[in-house]
Amino acid sequence: MAMALPVRIRGDGVRVAVETDPAHAPLRDFLLNDLGEDVAAIIRAKGRLSDGLAASGGHRPWQELYRFHRLDFDGAIVHLRDVGGWSSCDLDPGVLLRCLEEYLEQVGAVRHRQMLEGVLQAGAERFAPDRELPVAFRVDGPGDVACVPAPGNEPLAGLLGDTEFVLGLDWMVAELGRPGAAVTWPGRVFRVAVADGVATIEGEEGAYLCLDGETFRQVVAAFRQAHADSHRAAARERAEPVAAMLALGGTSRRARGWALVRTPRATLEDVAGLTPHPDACLPHGVLGTGSGACWADLAVLDEAGGRLRGGTKTFMPRGIDADRLVPDLRDALTRARFLTSVPGAWASFVAGVPVHGYVDPDAAVRLPCEPVQAEAVAQHVRVFFPELVESGTDLEAAASRAAGTARTVSGAPHVLTAFLLHDVQCHRHHLDVVRAARPGWEHTGNACHLRVDVRTVRLEHLWLDGHACELPTGEFARVLEEYERLAAL
């Protein structure tokens, strides 16, 4: 029987989301804020719990202090409290361990994908072992690397075939590359410890293996190289023409800025939870005709197919020449206009497609700009995205007026205006998606990150640092209704 967890952990390969009820909010915040994407920190937390559960003669109490929370284990229950003493929850150690395992799986997938993207896009110096390794590698397909061990090294091959370990390869290589490395991997199937120049691997049914620590490091590095080669070979062999180009380079603060990335259709279909918008929601044409942009949702779905969280991504048409896009952007800035209702927001046409975008409001103070100034202004463009089909309504005025009807807004009201104008835009589908949200739901759109809780809705602007607002859920619903009325959706 599957263990019931107090949190739902989902990832789309780019971002990890944790959803829960208000009673377990400290656990969600502990995972996201204290552990984050730090694989080493997650593994250390797992190891502390695993060692406590496996201890003979009863469970020994312990305490662990993190930046925002502390864990107190009294021998039976883990008490999770924030350091300010404002919130807490109690967890069975086995349940918390399972939460950490699922969280590591999703974070590991993100980190591993980042590593592969770096290898495929920028290339990397090839690793060549300086000794004979106790296992050989054979690439059988994309992401499929077979391990053939020398006699007596079967636990090593089993470890490299463990999906959980594979997701942490880039972290493991980095840790083992440090002088005097002392590394522990407390996996569910295999346990690895590297200390004092010796690596020990423990597996199922008493399997046990000791290796020289440097040999183990080179085995892991060679396997990581083989894994990257398997994806590189698949990319070279894929003959399918490019179906779309991703116009948003990234919406996280760690990936600030925009870029044009050619994306094969098969790659899009491989992204977990990729669901297309309705046909009527596609702006300026349909994907495949070369006549317009395509929108898709990176959605996190529950077991019944219900939508929990998603992030809208914009795909430009293949009819747009990637080599001409930057010059077209510079030309667009000479005709662009700032939106009076949202700092740094502008509107223009790029390659004939109406777009909205953002510049750094502290660096670019005037649009349109002179052609000679376009190069300098373009360096401060943070993002741009196509707008939906013209609605015949002044959407900027509608968004500004609708946002102004909110009686209780904490923070910057123009963030609410930006959400209506750039994320809801002019299609009822977007309104329906937001209205169907339940507490714990999050969504990353073109301009804002939305988080819905029981009593409040929080909006954080992705391109204006520190700009955010909160308002009661009832007020938010009334703003949506007013925008729907004013925009005649």
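Tutor: Axes are lines fitted to C-alpha atoms, for helices over the stretch in contact, and angles run from 0 to 180 degrees between N-to-C directions. The model is predicted, so local features need pLDDT of at least 70 and side-chain atom pairs pLDDT 80 or more, while totals for chains, interfaces and linings use all residues. Residues are numbered from 1 along each chain as its sequence is written, and side-chain values use heavy atoms, without hydrogens or water.

Student: Thanks! How many helices and strands does the protein have?

Tutor: Helices (H or I, at least four residues) and strands (E, at least two) are DSSP runs, numbered from the N terminus. Counted that way, the protein has 14 helices and 26 strands.

Student: What percentage of the 489 residues in the protein is buried?

Tutor: Buried means under 20% relative accessible area, exposed over 50%, and partly exposed in between (1.4 Å probe, protein chains only). Of the 489 residues in the protein, the buried share is 51%.

Student: Among contacts between residues at least 6 apart in sequence, what share joins residues at least 24 apart?

Tutor: A contact here means heavy atoms within 4.5 Å. Among contacts in the protein between residues at least 6 apart in sequence, the share joining residues at least 24 apart is 58%.

Student: Let's look at helix pairs. Why are α11 and α12 described as they are, and what is the word for their orientation?

Tutor: Helix α11 covers residues 395-404 and helix α12 covers residues 413-424, and their axes lie 8 Å apart. They pack at an angle of about 135°. The orientation of α11 and α12 is therefore oblique.

Student: Which residues of α12 make the contact with α11, and how many nonpolar, polar and charged residues does it have?

Tutor: From α11 come L395, E396, A399, S400, A402 and A403, and from α12 come P413, L416, T417, L420 and L421. For the classes, Ala, Val, Leu, Ile, Met, Phe, Trp, Tyr, Cys and Pro count as nonpolar, Asp, Glu, Lys and Arg as charged, and the others, Gly among them, as polar. By class, the contact of α11 with α12 has eight nonpolar, two polar and one charged.

Student: Now α12 and α14. How do the residues of their contact divide by class?

Tutor: These two pack at an angle of about 50°, with axes 12 Å apart, which makes α12 oblique to α14. L416, F419, L420, L421 and V424 of α12 meet F476, V479, L480 and Y483 of α14. The residues of the contact of α12 with α14 divide into nine nonpolar, no polar and no charged.

Student: And α13 with α14: how many charged residues does that contact have?

Tutor: The axes of α13 (residues 428-435) and α14 (residues 473-487) come within 12 Å and cross at roughly 165°, so the two helices are roughly antiparallel. R428, L431, V434 and R435 of α13 touch F476, L480, E481 and E484 of α14. The contact of α13 with α14 has four nonpolar residues, no polar ones, and its charged residues number four.

Student: Which residues of α1 are buried?

Tutor: Helix α1 (residues 25-35) is mostly covered, with eight of its eleven residues buried. Just after α1, G36 takes a positive phi of about 55°. The buried residues of α1 are A25, P26, L27, R28, F30, L31, D34 and L35.

Student: Which residues of α6 are buried?

Tutor: Helix α6 (residues 169-176) is also mostly covered, with six of its eight residues buried. They are L169, D170, W171, M172, V173 and L176.

Student: Which residues does P149 touch, leaving out those up to four places away in sequence?

Tutor: P149 sits in strand β8 (residues 144-149) and is partly exposed, at 27% relative accessible area. Its C-alpha is 6.1 Å from that of P134, 15 residues apart along the chain. Beyond four places in sequence, P149 touches P134, V135, E154 and A157.

Student: What is the relative accessibility of D196?

Tutor: Most residues other than glycine have a negative phi. D196 has a positive phi, near 55°, and lies in the loop between β10 (191-195) and β11 (198-202). D196 counts as exposed because its relative accessibility is 79%.

Student: What is omega for the cis peptide bond that joins L367 and P368?

Tutor: Most peptide bonds are trans. P368 is in the loop between β20 (353-359) and α10 (374-378). The bond joining L367 and P368 is cis, with omega about -5°.

Notes: Angles under 35 degrees count as roughly parallel, over 145 as roughly antiparallel, 65 to 115 as roughly perpendicular and the rest as oblique.
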